[in-house]
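Here's a quick briefing to read alongside the model.

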Amino acid sequence: MMSCPLPLPLLPALHPQPALASDFPIHVGIKRGSDELLSQSGVTVMAPAAPHHADNNNQDSAAKKVKLEQNVGKPSRVIHIRNIPNETTEAEIIQLGLPFGRVTNVLVLKGKNQAFLEMAEEISAVAMVAYFGGCVAQLRGRAVYVQFSNHKELKTDQTHSNASASAQAALQAAQAISNSAGAALVAGAGAALQPANGGTEIQGGPNTVLRVIIEHMLYPIVLDVLYSIFQRYGKVLKIVTFTKNNSFQALIQYPDTVSAQTAKTALDGQNIYNGCCTLRIDYSKMTCLNVKYNNDKSRDYTNPTLPSGDGDAHQLLTREIEKYTIMTGGGVLAPQFLGLGSGLASPYGVGVGGVGLPAFGALTLTPASPALRALTAPPLPLATVLLVSNLNEEMVTPDALFTLFGVYGDVQRVKILYNKKDSALIQMAEPHQAHLAMTHMDKLRVFGKAMRVMLSKHQTVQLPKEGQPDAGLTRDYSQSPLHRFKKPGSKNYQNIYPPSATLHLSNIPATVSEDDIKEAFTKRGFTIKAFKFFPKDRKMALVQLPSIDDAVAALIKMHNYQLSESNHLRVSFSKSSI
């Protein structure tokens with residue numbers, strides 16, 4: 001048999017409308033009582049066999065095969081899944097059953113490499129077992145086996161049913177997704193659906209509005225990305241985005257407190273992209289959002305006729321759409337960016353479980369660290385080479401570009417074009433570093449001119465051939481000791497900020513005073529408006545220049561400035577001001 005992706009959900013016409021949640025309360029199974037459950041289920045626990053003679057092995061295999069055939073059982077809402085990996089989560093088990101109907105309970109026996117899944121309807125379980133009878137399901141690269149359990153319902157210890165908040169949230173999210181998917185399919189078939197509240201849509205109330213703060217925002221987050229993530233847990237009515245205290249924030253309104261609570265429980269502390277763009281979520285004091293415009297900053301999904309506001313906002317949104325269309329090769333956003341790809345997919349389309357959920361966003365979140373997980377993958381092209389133009393050719397050098405672009409990634413090579421010295425090619429170590437540099441420095445004024453930064457069609461920057469005229473315009477920095485991001489997961493990624501008039505200084509030895517640093521800047525022609533050492537760490541300081549232009553020039557000239565025999569100054573842009 002072959003492994004295969006999960007199917008699309010059953011059409012409502014073929015699958016009875018799920019009963020109300022009150023008929024099948026959601027539970028999260030725990031290990032307590034698992035031995036009793038297994039002994040009653042009539043399913044043989046298959047532990048690895050000890051070495052035996054070949055004949056004995058054949059006899060054991062035949063006996064196990066007979067037992068398995070005997071344990072196929074009659075149809076039941078409860079499904080038994082064997083041979084699961086030790087690290088399998090409840091969410092991954094839920095996801096196996098989600099395309100076939102609503103999941104009402106789950107029990108994972110990690111020590112026995114087995115799990116039980118309870119469906120709301122027996123027909124859903126029948127469809128799931130039948131489907132995996134023709135192809136092998138996989139979890140984390142391992143084949144797992146799906147069959148009916150002898151149990152007609154899955155009973156777990158109720159006093160511990162909420163022990164796993166993440167599993168509870170995954171079940172609630174699965175229910176919300178399957179309900180919304182079923183509603184969409186019914187609507188597509190022409191059926192009339194009425195809201196559960198008697199035909200009127202709830203427009204607000206206590207704890208229906210979430211306040212979302214995005215920390216470590218290395219990639220720009222657009223409103224549509226937030227919608228694609230939060231709509232997995234309920235109908236999103238309105239979104240308003242804004243910047244406050246130098247952080248990107250959003251207010252997101254749901255029609256009811258259950259949806260808002262489910263989204264908050266499931267998403268708080270998660271990463272939108274691996275290692276960055278962390279969601280911090282709490283309840284807003286607001287009970288209803290007043291949205292005046294539908295544009296790139298705010299959206300009322302209940303009133304699509306709202307104006308876009310001023311022309312600048314509309315043009316900005318149009319440019320953003322065009323940019324993502326170019327970056328993703330057609331379409332506003334790539335499928336993996338919207339979270340519509342495989343439900344068990346890791347960033348950049350590398351499958352974790354070997355199965356996919358074509359119709360749903362990811363429920364199983366890709367681990368970014370022991371505590372954080374990534375929701376989706378950034379829509380980055382694979383290009384690492386940038387084309388930089390409108391440079392001040394009288395002042396720019398490869399070293400200057402290396403230092404400036406090195407704030408956002410590890411620069412490998414720089415080539416100032418021989419016949420067009422106001423332009424250069426810059427090769428970064430990773431695609432996301434090129435994207436960061438382009439995002440933060442396009443149109444930045446450098447040495448008096450607004451620099452333009454875009455992706456290049458070149459895959460690499462070629463070094464000059466022997467005897468070819470170059471005049472020192474091409475440099476290879478691949479072995480430079482000045483790279484900021486050499487270590488995987490470097491903390492420097494958490495301190496990347498747009499160009500500002502305030503610079504962050506580090507690696508300051510204890511023997512160097514404030515006057516020494518001010519004097520070093522002054523000797524190179526810079527005016528210091530303010531200076532402050534960090535109160536708890538005198539190795540770091542903030543220095544404020546009169547303008548962003550001055551700060552850019554100061555960063556280029558002062559980064560790696562020698563302060564002592566063993567200390568060189570490290571300079572980057574700061575999010576703070578003095």
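Why does N507 count as partly exposed? Because its relative accessibility is 31%, and partly exposed is the range between buried (under 20% relative accessible area) and exposed (over 50%), with a 1.4 Å probe and protein chains only.

Bear in mind that this is a predicted model, where local features need pLDDT of at least 70 and side-chain atom pairs count only at pLDDT 80 or more, while totals for chains, interfaces and linings use all residues. Residues are numbered from 1 along each chain as its sequence is written, and side-chain values use heavy atoms, leaving out hydrogens and water.

**Positive phi**
- N507 has a positive phi, near 65°, and is a residue other than glycine.
- You'll find N507 in the loop between β23 (502-506) and α12 (514-523); helices (H or I, at least four residues) and strands (E, at least two) are DSSP runs numbered from the N terminus.
- N83 isn't a glycine either, and its phi is positive at about 70°.
- The loop between β3 (78-82) and α3 (90-97) holds N83.
- N83 counts as partly exposed because its relative accessibility is 31%.

**Cavities**
- Searching the whole structure turns up 2 cavities of 30 Å³ or more; a cavity is a set of points on a 1 Å grid over the protein atoms alone where a 1.4 Å probe fits but cannot get out.
- The largest cavity has about 60 Å³ of space, a volume being the space filled by probe spheres set on the points, which are joined across faces, edges and corners.
- Its lining residues (an atom within 4 Å of a point) include F402, D410, R484 and H559.
- The lining of the largest cavity splits into 2 nonpolar, 5 polar and 2 charged residues; Ala, Val, Leu, Ile, Met, Phe, Trp, Tyr, Cys and Pro count as nonpolar, Asp, Glu, Lys and Arg as charged, and the others, Gly among them, as polar.

Notes:
1 Å grid on protein atoms, 1.4 Å probe; cavity = no way out; pocket = protein on both sides within 12 Å on 5 of 7 lines; lining within 4 Å.
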